[in-house]
Amino acid sequence: MSTENSATGAGTGTAPLPPMHCLRHLEPGPPRLAALPTGTPVWLVSRHADVRQVLTDPRLGRAPLYAPDAPPLMVTPNILDDPQSMLNIDGTEHQRLRRTVQRAFTPRAIARWKPWVASVVESLIDELIDRGSPADIVAAYSRPLPVAVISRLMGLDNLDSKRLAHWSDHALSTTAFSAEAIGTAMTEFAAFGAEVIAERRADPGEDLVSSLLAAAAEDGSITEGQLVALVIGLVVAGHETTMTSLGNALVYLLQDGRDAWQRLASDEASAAAATEQILRAVPLGDVTEHMPGLLRRTVEDVEIGGVVIPAGSVVAADTGAANQDPEVFTGDLRTELFSPLAAPMLTFGAGPHHCLGAWLARMELELALHRLARRLPALRMADPVEDVDWRRGLLTRSPDSLRVIW
């Protein structure tokens, strides 16, 4: 495993990055032509209704992005570019793969995990308090919580969190690592996934990997490569997005949103409402730096927002801009933090590729924010937001460390 990690650190001479809740978004409007970093033309779609159409219309898909005539999408391929992965398969084959894991992520299934996740949250807060103020809340709380949850769900009791962070950073790298470094890390990660599958075949348990293998055996058509891609994809998705959302939520709530901290502690319903608004308004990644949205490719001419987009075109659905569309969402976090959403947010996507882990992520964030505010009412950032050390060069951006005091 390489020790290289240029995904972290502010770097010498670089300007401070704005917090994710302060990013400026594309002005919603009709689809417009732009270009990916590879030079490939891309239609940018930004209005809420248009983005929802892109994500749900069967005339746009993920698989055509990897067809033999597809243009280059990424300067440096990462884990999202695997044509075998569930993310990049459409239609009945995608539905069959999705069925092998989706039972573990229904709202009812996730609700059964709530008492245990709450106990993990409380244990982490106990340890944070025991260490004393000041402390790095990323290292002590926002990173270990989702790792502990996905490890328990998948039966990965001895998962090395440093190795996981190494693989995840490379898996989602855009500019942080070289193609060679990403290839080496993904080979190691795939070997890890194959090893977990072999262990679980030899000794099945009550975990998600064992359930996935049982469903795959019953189906009979899922390849070994698809199983490995599913396992390592679940490991990354199961912790990365929650860690990113929680870290960025704390940057907002402990600075610009500090006035809401007391109400966040008051009850779980307030925390649930705030979680929805934060997930809507604080994006996971900076589309201006790397990828302009969730990509699809048209299989025939499609009219979107009054513009006919030709067959074979690459389309980017900018969910961040759509989540701020003033025709749909009229308030901001300062005024609407505890209000119901005016319309479904698109942070987790929509349509057949809607994020499987959405309910798990919601539950972890609600508990993490509510319990932390209740136990540490005086919690605040120790340093100016300009000094935040960000993870850079990845599809997601969140603090690599965040000093807090109480």
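Strand E2, covering residues 41-45, is mostly covered, since 4 of its 5 residues are buried, where buried stands for under 20% relative accessible area, exposed for over 50% and partly exposed for what lies in between, with a 1.4 Å probe and protein chains only. Strands and helices are here DSSP runs numbered from the N terminus, of type E with at least two residues for strands and of type H or I with at least four for helices. The model is a predicted one, in which local features need pLDDT of at least 70 and side-chain atom pairs count only at pLDDT 80 or more, while totals for chains, interfaces and linings use all residues. Residues are numbered from 1 along each chain as its sequence is written, and side-chain values use heavy atoms, with hydrogens and water left out.

Strand E1 (residues 32-35) pairs with E2 in the antiparallel sense over 4 bridges, two strands being counted as paired if DSSP finds at least two bridges between them. Within this pairing, Leu33 has Trp43 of E2 as its bridge partner, and Ala34 has Val42 of E2. E1 and E2 form a hairpin with 5 residues between them, and Gly39 in the turn has a positive phi of about 95 degrees. E2 also pairs with strand E8 (residues 314-317), in this case in the parallel sense over 3 bridges, with Leu44 standing opposite Ala316 in E8.

Strands of a sheet pair through backbone hydrogen bonds, either parallel or antiparallel. E9 and strand E12 (residues 403-405) pair in the antiparallel sense over 2 bridges, and the bridge partner of Arg380 in E12 is Ile405.

## Helices H10 and H15

Helix H10 (residues 224-253) and helix H15 (residues 358-375) pack at an angle of about 35 degrees with their axes 10 Å apart; the axes are lines fitted to C-alpha atoms, for helices over the stretch in contact, and the angles run from 0 to 180 degrees between N-to-C directions. The crossing of H10 with H15 is right-handed, which denotes a near helix turned clockwise from the far one by less than a right angle, left-handed being the anticlockwise case. In the contact, defined by heavy atoms within 4.5 Å, Gly238, Thr242, Ser245, Leu246, Ala249, Leu250 and Leu253 of H10 meet Ala361, Glu364, Leu365, Ala368, Leu369 and Leu372 of H15. The residues of this contact divide into 9 nonpolar, 3 polar and 1 charged, with Ala, Val, Leu, Ile, Met, Phe, Trp, Tyr, Cys and Pro counted as nonpolar, Asp, Glu, Lys and Arg as charged, and the others, Gly among them, as polar.

H10 has 30 residues and reaches 44 Å from its first C-alpha to its last, close to the 44 Å expected at 1.5 Å a residue, the expected span being 1.5 Å times one less than the number of residues. Because 25 of the 30 residues of H10 are buried, H10 is largely enclosed by the rest of the structure.

Ser245 has its place in helix H10 and is buried, with a relative accessible area of 13%. Leaving aside residues up to four places away in sequence, Ser245 touches Leu279, Leu284 and Leu365. The C-alpha atoms of Ser245 and Ile278, which lie 33 residues apart along the chain, are separated by 8.3 Å.

His370 has its place in helix H15 and is buried, with a relative accessible area of 4%. With residues up to four places away in sequence again not counted, His370 touches Leu264, Ala265, Ser266, Asp267, Glu268 and Ala271.

Helix H4 (residues 114-131) and helix H6 (residues 144-154) pack at an angle of about 145 degrees, with their axes 10 Å apart, and their crossing is right-handed. Trp116, Val117, Val120, Val121 and Leu124 of H4 make the contact with Pro144, Leu145, Ala148, Val149 and Arg152 of H6. The residues of the contact of H4 with H6 divide into 9 nonpolar, no polar and 1 charged.

In helix H9 (residues 208-219), the 12 residues should span 16 Å at 1.5 Å a residue, and the end C-alpha atoms are 16 Å apart, which agrees. Leu208, Val209, Ser210, Leu212, Leu213, Ala215 and Ala216 of H9 are buried, and the buried residues of H9 pack against helix H2 (91-102), H6, helix H8 (179-202) and H10.
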